[in-house]
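Please read them alongside the coordinates.

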Amino acid sequence: MIAIIDYGMGNLRSVQKAFEYLGNHAVITDDVSVIQKADKVVLPGVGAFQDAMKTITQKGIDKVLYDIVDSKKPLLGICLGMQMFFDKSYEYGEHKGLGILQGEIKLLPNTVKIPHMGWNSLYIQKRSPLFEGLPEQPYVYFVHSYHLETNADIVSATTYYGKQIQVAAQKENVFALQFHPEKSGDIGLKILENFGRI
């Protein structure tokens, strides 16, 4: 069973429908006991970093996520969910993240249109189970104003938007995607299918 964490932010149903289409049993939940029992966990989200961190902390979901990481269960963060995995964000101030992965979330450069919205190429930097079977330069769908900056050897893909931007990361059982696989057509479905197989 795949638990899709509900903390009141993001179109969770589209993520669930994508997994169900692929034959996975996926439930939307904010119940920490259900999340703990899941085989795999997805933290999606669209919205403000500070509000999201406050909500998952109040619900005790942050503690469960640390347990998931320690137990080596596959954990996937999408968009805002991905950003919360990192040390801090500079969205409307400076806010502490979960610190599961090393890095910071910063505003896109002012030389480009913000938000970065639409389809863009994915440049795969290192082998990841999520990218098995993808074409050499797949296109995926983005909607974001902030992006990852990290020096850690965890970046699995980048895109070009005014400059090379880090948009995917992996460390052991933790996978982080800035783009929306559930909105990325067949490429996105393949990525979610790969996650379901891990």
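1. Alanine 168 is buried in this predicted model, because its relative accessibility is 0%, and the cut-off for buried is under 20%. Alanine 168 sits in strand E13, which spans residues 164-171. Apart from neighbours within four places in sequence, the contacts of alanine 168 are Phe131, Ile154, Val155, Ser156, Ala157, Ala176 and Leu177. Lysine 73 is 95 residues away from alanine 168 in sequence, and the two C-alpha atoms are 18 Å apart.

2. The loop that connects E13 to E14 contains glutamate 172. Glutamate 172 has a positive phi, near 55°, and is not a glycine. Most residues other than glycine have a negative phi, and most peptide bonds are trans. With 54% relative accessibility, glutamate 172 counts as exposed.

3. Cysteine 79 also deserves a look at its backbone: phi is positive, about 55°, in a residue that is not a glycine. Cysteine 79 belongs to the loop between strand E4 (75-78) and H5. The relative accessible area of cysteine 79 is 5%, so the residue is buried.

4. The peptide bond between isoleucine 114 and proline 115 is cis, and its omega is near 5°. Proline 115 falls in the loop between strand E7 (104-107) and E8.

5. Which residues line the largest pocket? The lining consists of Val46, Gly47, Cys79, Leu80, Gln83, Glu91, Tyr92, Pro115, Val143, His144, Ser145 and Tyr146. Cysteine 79 and proline 115, discussed above, are therefore both among the lining residues. The volume of this pocket is about 190 Å³. H5 and E10 each contribute at least two lining residues. Sorted by class, the lining has seven nonpolar, four polar and one charged residues.

6. The search of the whole structure returns one cavity of 30 Å³ or more. The largest cavity holds about 40 Å³ of space. Around the largest cavity are Gly10, Asn11, Val15, Pro44, Gly45, Val46, Ile78, His180 and Glu182. By class this lining is made up of four nonpolar, four polar and one charged residues.

7. Valine 46 is listed in the lining of the largest cavity and in that of the largest pocket. Valine 46 lies in the loop between strand E3 (40-43) and H3. Its relative accessibility is 43%, so valine 46 counts as partly exposed. Leaving out neighbours within four places in sequence, valine 46 touches Met9, Gly10, Leu80 and His180. Isoleucine 78, which also lines the largest cavity, is 32 residues from valine 46 along the chain, with 8.8 Å between the C-alpha atoms.

8. How are the buried residues of helix H3 arranged around its axis? H3 covers residues 49-58, and its buried residues are Phe49, Ala52, Met53 and Ile56. They span an arc of only 95° around the axis, and therefore lie on the same side of H3. An α-helix has 3.6 residues a turn, so residues three or four places apart point the same way. Lys54 and Gln58 are exposed on the other side of H3. The buried residues of H3 pack against helix H4 (61-70), helix H5 (80-84), strand E5 (88-89) and strand E6 (95-96). Glycine 60, which follows H3, has a positive phi near 75°.

9. There are four aromatic pairs in the structure. One of them joins tryptophan 119 and tyrosine 141 in an edge-to-face arrangement, with 5.8 Å between centres and 70° between planes. Tryptophan 119 is in strand E8 (residues 116-121) and tyrosine 141 in strand E10 (residues 139-144), so this pair ties together parts that are 22 residues apart in sequence. Tryptophan 119 is partly exposed, at 47% relative accessible area.

10. Phenylalanine 142 and phenylalanine 179 also form an edge-to-face pair, at 5.8 Å centre to centre and 70° between the planes. Phenylalanine 142 belongs to strand E10, while phenylalanine 179 is in the loop between strand E14 (174-177) and helix H6 (185-197), so the pair ties together parts 37 residues apart in sequence. Both phenylalanine 142 and phenylalanine 179 are buried. Elsewhere, Phe19, Phe175 and Phe195 are linked into a cluster by ring pairs.

Definitions and conventions:
Residues numbered from 1 in each chain as written. Predicted model: local features only at pLDDT ≥ 70, side-chain atom pairs only at ≥ 80, totals over all residues. Heavy atoms only, no water. 1 Å grid on protein atoms, 1.4 Å probe; cavity = no way out; pocket = protein on both sides within 12 Å on 5 of 7 lines; lining within 4 Å. Points joined across faces, edges and corners; volume = space filled by probe spheres on them. Nonpolar A, V, L, I, M, F, W, Y, C, P; charged D, E, K, R; others polar. Phe/Tyr/Trp six-rings, centres within 6.5 Å; stacked < 30°, edge-to-face > 60°. Helix = DSSP H or I, 4+ residues; strand = E, 2+ residues; numbered from the N terminus. Buried < 20%, exposed > 50% of the residue type's maximum accessible area, 1.4 Å probe, protein only. Arc of directions from axis to C-beta. Contact = heavy atoms within 4.5 Å.
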